[in-house]
Amino acid sequence: TDAFATVVFEDSVVNSEVINKSLSPRFMPWTQRAFVFNIEHPSSEVFVAISDFDLENSVVAHDPIGRVAIDITNLKANTSYLLNYDLYKSTVVTRGQNEGKVTVRIRIEWNSERDTIL
């Protein structure tokens with residue numbers, strides 16, 4: 001596959017670089033693999049989709065591999081987490097045949113935790 005990740009958080013959508021011809025892709029330090037988002041709502045979820053990059057006759061035709069929804073409400077501020085998830089065709093189905101695995105490193109930083117609660 002030619003895998004890449006799409007990350008959706010609140011009103012932002014970003015894509016990683018494509019890792020060509022790998023069944024177990026790893027995003028190396030020199031690739032675009034880290035993103036910074038502003039948090040408007042502390043109860044928002046982070047959605048990660050892994051897809052196979054495809055162009056057919058100059059038309060984008062990416063094949064979805066799997067997705068995961070990450071709940072950030074219980075994550076502590078100023079702590080880095082390395083989270084492992086099974087990928088499924090839908091973010092609402094978490095049983096049955098998984099489509100692979102993804103590891104996500106996430107860190108939450110608040111300017112003011114008090115303002116976040118209010």
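Biologist: Where is the place of Leu55: in which strand?

Modeller: This is a predicted model, by the way. Leu55 sits in strand E4, which covers residues 55–56.

Biologist: And is Leu55 buried or exposed?

Modeller: The idea is to look at relative accessibility: over 50% is called exposed. Leu55 comes out at 52%, so it counts as exposed. Together with Phe53 and Val60, Leu55 forms a nonpolar patch on the surface, and the three share about 270 Å² of accessible area.

Biologist: Okay, now Ala5. Is Ala5 buried or exposed?

Modeller: Under 20% is called buried. Ala5 has 10% relative accessibility, so it counts as buried. You'll find Ala5 in strand E1, residues 3–9.

Biologist: Which residues is Ala5 in contact with, leaving aside its neighbours within four places in sequence?

Modeller: Skipping those neighbours, Ala5 is in contact with Val14, Asn15, Ser16, Phe27, Ala49 and Ile50. Take Asn15: it is 10 residues away from Ala5 along the chain, yet their C-alpha atoms are separated by 5.6 Å.

Biologist: What about the largest nonpolar core: which residues touch the most other members?

Modeller: General idea to start with: in soluble globular proteins, nonpolar side chains tend to be buried together. Here, the largest nonpolar core has 19 residues, and those touching the most other members are Val46, Val48, Ile50, Ile70, Ile72 and Ile106. Strands E1, E3, E6, E7 and E8 each supply at least two residues of this core, with E1 giving the most, four residues.

Biologist: Can we zoom in on one of them? Which residues is Ile70 in contact with, leaving aside its neighbours within four places in sequence?

Modeller: With those neighbours set aside, Ile70 is in contact with Glu45, Val46, Val48, Leu83, Tyr85 and Val104.

Terms used. Residues are numbered from 1 along each chain as its sequence is written. This is a predicted model: local features need pLDDT of at least 70, side-chain atom pairs count only at pLDDT 80 or more; totals for chains, interfaces and linings use all residues. Side-chain values use heavy atoms; hydrogens and water are left out. Patches are made of residues with over 30% relative accessible area and no salt bridge: like charges are joined within 9 Å, nonpolar side chains (Val, Leu, Ile, Met, Phe, Trp, Tyr) within 5 Å. Accessible areas come from the Shrake-Rupley method with a 1.4 Å probe; for residues, only the protein chains shown count as cover. A salt bridge is a side-chain nitrogen of Lys or Arg within 4 Å of a carboxyl oxygen of Asp or Glu. Buried means under 20% relative accessible area, exposed over 50%, partly exposed in between (1.4 Å probe, protein chains only). Contact means heavy atoms within 4.5 Å. A nonpolar core is a set of buried Ala, Val, Leu, Ile, Met, Phe, Trp, Tyr and Cys residues joined through side-chain atoms within 4.5 Å.
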